[in-house]
Amino acid sequence: MAIVKTTQAGIGMTSLRTRERMLVRLREQGIKDEVVLSAISSIPRHIFVDEALSIRAYEDVSLPIGFGQTISQPYIVARMTEILRNSNTMNKVLEIGTGCGYQTAVLSRLAKEVYSVERIRPLVMKARGHLRELKCVNVKLDHADGNMGLPQMAPFDCIIVTAAASHIPQDLLDQLSIGGRLVIPVGTDEQILYLVERIAQLEYRQTKLEPVKFVPLLGGIS
Ligand code: SAH
């Protein structure tokens, strides 16, 4: 008689079906970019959460990852990636707020180079382990305050901020290439997702998208 082990690996096997269900749900929720959907389906979300939570990894919820932070809900990862990509090839992407690295892993399947900045050192280490396990070799992580962006690697054709800012940081606007896109949640009690496009050297177009819920973008490192 076969012994069923409820290990991470065991969940990995059954996760194929739950992952398919997650894709069906994302389509029902309005995600249309099949390239984004296929990148999401290629990333096992359960490896990014503690084993005790991995049973819930394919539910459409954010989950705790320690240090008061969360892994983003699959819908918001899909939605922000779809907006950022805009059906184009992404070359150089900057993510602010690596967390456990889930969104980073999805981006690594879609972009040539991904840079991601996180302010909490143990989360950088955690994300690094997950990204290594998934062989995301085109990703570089930095332990820094993302409010400043990553000037040494700028400009970026895409910037995604996965924590809610009180305002749009000027440094991030400066580090967008012409034609580049920034997706960022802004607000404290009520947060709204914004798309900012750099039309010309000094010209930006700002579009208000939809209400969202993120942990706050803080200052400094820890
Ligand atoms: N992208 C993650 C979301 C993690 S939650 C995912 O895919 O699940 C947001 C993360 O932003 C937290 O880990 C938090 O520590 C980080 N963060 C908050 N303020 C920051 C800042 N100023 N610079 C860099 N990271 C920041």
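Me: What makes up the shell around the ligand, by residue class?
Reply: The shell divides into 11 nonpolar, 10 polar and 4 charged residues. Here Ala, Val, Leu, Ile, Met, Phe, Trp, Tyr, Cys and Pro count as nonpolar, Asp, Glu, Lys and Arg as charged, and the others, Gly among them, as polar. Bear in mind that this is a predicted model, where local features need pLDDT of at least 70, side-chain atom pairs count only at pLDDT 80 or more, and totals for chains, interfaces and linings use all residues. Residues are numbered from 1 along each chain as its sequence is written, and side-chain values use heavy atoms, with hydrogens and water left out.

Me: How do you know which residues surround the ligand?
Reply: A residue is near a molecule if one of its heavy atoms lies within 4 Å of it. On that basis 25 residues surround the ligand, the closest being Ser 72, Gln 103, Glu 118, Gly 146 and Leu 218.

Me: Which strand gives the most to that shell?
Reply: That's β2, with 3 residues. β2 (69-71), α4 (102-108) and β4 (111-118) each supply at least two. Helices (H or I, at least four residues) and strands (E, at least two) are DSSP runs, numbered from the N terminus.

Me: Why is the Phe 48 and Tyr 102 pair called edge-to-face?
Reply: Rings of Phe, Tyr and Trp (its six-membered ring) pair if their centres lie within 6.5 Å; planes under 30 degrees apart count as stacked, over 60 as edge-to-face and the rest as tilted. For Phe 48 and Tyr 102 the centres are 5.5 Å apart and the planes at 70°, so edge-to-face it is. Phe 48 sits in the loop between α2 (34-41) and β1 (63-66), and Tyr 102 in helix α4, 54 residues apart.

Me: What joins Ala 154 and Pro 155?
Reply: A cis peptide bond, with omega about 5°. Most peptide bonds are trans.
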